[in-house]
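Here is a short briefing on one protein structure. Keep the 3D view open as you read.

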Amino acid sequence: MSDVIAQNPYAMPGSQLQEVSAPGQAPSIAEALNRGYDFSIGDLLSEAWQKTKGTKGIIWGGFLVFYAALFAASFVMIMVMSLFGAIGAVGMAGLADGSGDGLLAAGVFGFVLMGLAFLLVMLAVVYPFVAGINMVGIRQAAGQPVRFGEVFSHFGRTLPLLGAAILMGILVNLGFMLFILPGLYLAVAFILTIPLIVERKLSAWDAMMTSCKAINQHWFKVFFLYIVLGIILTISMIPLMIGLIWTFPLFIVAQGVLYRTIFGVLPAPAN
């Protein structure tokens, strides 16, 4: 009977969250959420530390290339915004004789518009990179090949990543402004949204909800995991930030181990 239903061309199509995985493969999202998970913070950090070997050069090399490109893009955007600021200043000077009203309005409107454009461009550049760094940790945690190009290979998912960045920013900041605790809860609950968008190709909203459902199973344990990681990062910055060479890759791989523990990891795409 099930075979007949499966072959029925008029049957409702299954969603991406309901697909059943084949034996030996990573579980589907629904299977991962239903099976549950657990972890020890100490064991997770120990495994992550052992797996940081081979990732430090990729992660820090990616950061250097990324920040060089981000600096160049920021310089161009700031120059353009300065131009609109200069137009507004000329408009201000012309207010004395009544000739600068239109110029002032154009300058102010242009400045605000460019500010919003600058923010969107920065988010559109930053989040695919963050996704790539996360995927380096996930690939390493899953024992899959890790390559430098992984850091910059997810710009094809820019739109859902940008949508998630905007939605998460609004909801988390609203939560902090209202009662603080809702913002803290959402900041932790959304922690796996970005890798879900690129690793499982979910939409922004589906990834956010899936991350919430998964983290809710052990919210406090995940919260304390990130508290411990934050303490490790803070201590490592004391001697001229040299310790970050090791602790930041640890942070990235630890996130990868957490993700793999909850969802498993699909096979890496062929080069």
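The model is predicted.

**Helix 6 and helix 7**
- Helix 6 spans residues 158-178, and helix 7 spans residues 181-189.
- Their axes come within 5 Å and cross at roughly 150°.
- Angles over 145 degrees count as roughly antiparallel, so helix 6 and helix 7 are roughly antiparallel to each other.
- On the helix 6 side, Leu171, Val172, Gly175 and Phe176 make the contact. They meet Pro182, Gly183, Leu184, Leu186 and Ala187 of helix 7.
- This contact has seven nonpolar, two polar and no charged residues.

**Ile59**
- Ile59 sits in helix 4, residues 56-94.
- Its relative accessible area is 0%, so Ile59 is buried.
- Ile59 touches Ile133, Val136, Phe248, Pro249 and Ile252, leaving aside residues up to four places away in sequence.
- Gly132 is 73 residues from Ile59 along the chain, yet their C-alpha atoms are separated by 9.4 Å.

**The largest pocket**
- The largest pocket holds about 600 Å³ of space.
- It is lined by 27 residues, and the closest to its centre are Val130, Asn134, Ile191, Ile194 and Gln255.
- Helix 5 gives the largest share of this lining, seven residues.
- The lining has 23 nonpolar, four polar and no charged residues.

**The second largest pocket**
- The second largest pocket has a volume of about 220 Å³.
- Of its 14 lining residues, Arg139, His154, Val198, Lys201 and Pro269 are the closest to the centre.
- Helix 5 and helix 8 each supply at least two residues of the lining of this pocket.
- Six of the lining residues are nonpolar, two are polar and six are charged.

Conventions: Residues are numbered from 1 along each chain as its sequence is written. This is a predicted model: local features need pLDDT of at least 70, side-chain atom pairs count only at pLDDT 80 or more; totals for chains, interfaces and linings use all residues. Side-chain values use heavy atoms; hydrogens and water are left out. Axes are lines fitted to C-alpha atoms, for helices over the stretch in contact, and angles run from 0 to 180 degrees between N-to-C directions. Helices (H or I, at least four residues) and strands (E, at least two) are DSSP runs, numbered from the N terminus. Angles under 35 degrees count as roughly parallel, over 145 as roughly antiparallel, 65 to 115 as roughly perpendicular and the rest as oblique. Contact means heavy atoms within 4.5 Å. Ala, Val, Leu, Ile, Met, Phe, Trp, Tyr, Cys and Pro count as nonpolar, Asp, Glu, Lys and Arg as charged, and the others, Gly among them, as polar. Buried means under 20% relative accessible area, exposed over 50%, partly exposed in between (1.4 Å probe, protein chains only). On a 1 Å grid over the protein atoms alone, a cavity is a set of points where a 1.4 Å probe fits but cannot get out, and a pocket is an open set with protein on both sides within 12 Å along at least five of seven lines; lining residues have an atom within 4 Å of a point. Grid points are joined across faces, edges and corners, and a volume is the space filled by probe spheres set on the points.
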